[in-house]
Amino acid sequence: MRSIIRIRADEGKLTLAPYTVCRILEGGLKGFESPPELKCEVVPSAFGDGGVVVKYDCVPRELSIHFEVTDRGEYRSVRDQILKIMSSRREVNITADLFGRRRSIGAYPAGKAEFIRENVNSFPEVRLHFVCPEPYFTENKTEALTLPSSEGLFTFPLNVMEEAGFVPSFASVGTVHKIYNPGDVPCGFSVKVSAVGGNVTDPALLLNGKRLQLMETLKIGDVAVFDTRRGKCGVSVNGVVRYNFSRESNFFSLEPGENRLTVMSVGDTKNLLAEICFTPYYAGV
């Protein structure tokens with residue numbers, strides 16, 4: 001299996017690959033393939049029959065990388081790069097190419113860099129440790145869809161001129177949209193709702209019985225943004241934060257697999273146009 005690890009920080013970057021002087025050792029990657037550790041807290045049931053789960057969380061992911069430097073002449077410059085990266089107090093980006101795919105994660109240097117040299121004739125070895133507060137990998141791409149999306153009912157080819165053509169179709173649209181999350185765990189999303197054909201009254205998003213609704217009328221040209229991503233939860237209109245939600249509102253996520261998301265308003269859904277963006281999360285590389 002060909003493995004490539006890229007570590008990028010403001011202070012520098014380091015690539016570990018078969019074509020560089022930094023070669024990953026057998027068994028030198030830990031924490032990349034396995035899912036994040038789960039912490040489950042259980043208390044005894046009041047009825048005396050087992051227990052009740054009161055807390056279920058993912059703990060920060062820990063990564064360890066063990067490699068050797070196969071060119072002794074380059075060792076000093078490699079060591080200097082490592083010291084810069086591991087001295088960083090800011091987040092670094094770690095990208096792993098494994099199993100024919102590329103995924104990344106944000107991490108912070110943890111502990112000290114270990115420099116191992118058994119004797120003067122052996123290749124120097126290095127072991128680095130990182131901790132990832134957000135324990136999931138991403139593929140550094142955002143899924144984006146425009147809603148309502150057209151669903152072709154039937155098509156027929158029509159070539160209107162030489163070396164050119166188009167395929168017209170009849171299509172149906174609706175307020176319920178199939179959104180597929182290819183990730184392993186739920187992820188937040190951002191939906192932009194624009195009033196394009198007239199006023200849009202109390203726009204809302206619904207998914208699996210959950211609702212997020214803004215109690216306000218959008219005029220033509222207004223844009224409301226519903227954001228449920230971690231650390232960014234909120235609703236804004238034309239860039240100004242709003243707090244007038246309905247009482248039933250909550251900031252829900254897209255579940256793994258197919259989601260049927262409803263974008264609606266009170267009586268004038270035909271006047272709105274929506275766009276959704278989300279970044280899937282993966283439990284391992």
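Trainee: Which strands each supply at least two residues of the lining of the largest pocket?
Mentor: Strand S7 (92-98), strand S8 (101-109) and strand S26 (272-278) do. A strand here is a DSSP run of E with at least two residues, numbered from the N terminus. Before we go on: this is a predicted model, where local features need pLDDT of at least 70, side-chain atom pairs count only at pLDDT 80 or more, and totals for chains, interfaces and linings use all residues. Residues are numbered from 1 along each chain as its sequence is written, and side-chain values use heavy atoms, leaving out hydrogens and water.

Trainee: What makes a space count as a pocket?
Mentor: On a 1 Å grid over the protein atoms alone, a pocket is an open set of points where a 1.4 Å probe fits, with protein on both sides within 12 Å along at least five of seven lines; lining residues have an atom within 4 Å of a point. The largest pocket holds about 530 Å³ of space. Its lining has 22 residues, and Glu134, Thr138, Arg230, Thr279 and Tyr281 are the closest to its centre. S8 gives the largest share, 4 residues.

Trainee: Why is Glu216 called buried?
Mentor: Buried means under 20% relative accessible area (1.4 Å probe, protein chains only). Glu216 has 19%, so the word applies. This residue is in the loop between strand S20 (210-213) and strand S21 (217-218).

Trainee: What joins the side chains of Glu216 and Asn244?
Mentor: A polar contact of 3.4 Å. The term asks for a pair of N or O atoms within 3.5 Å, one able to donate a hydrogen and the other to accept it; residues adjacent in sequence count only if both atoms are side-chain atoms.

Trainee: How do you know that S4 and S5 pair?
Mentor: Two strands pair if DSSP finds at least two bridges between them. Strand S4 (residues 38-44) and strand S5 (residues 51-58) are joined by 7 bridges and run antiparallel, so they pair. Glu41 has Lys55 in S5 as its bridge partner. Their hairpin has 6 residues between the strands, and there Gly48 takes a positive phi near 75°.

Trainee: What is the order of the open sheet of 6 strands, and why do S11 and S24 stand at the edges?
Mentor: The order is S11-S26-S17-S22-S23-S24, with antiparallel pairing. Strand S11 (143-147) and strand S24 (240-242) each have a single partner strand, so one side of each lacks a neighbour in the sheet. For S24, strand S23 (residues 234-237) is joined to it by 3 bridges, and Val235 stands opposite Arg242.

Terms used:
Grid points are joined across faces, edges and corners, and a volume is the space filled by probe spheres set on the points. Buried means under 20% relative accessible area, exposed over 50%, partly exposed in between (1.4 Å probe, protein chains only).
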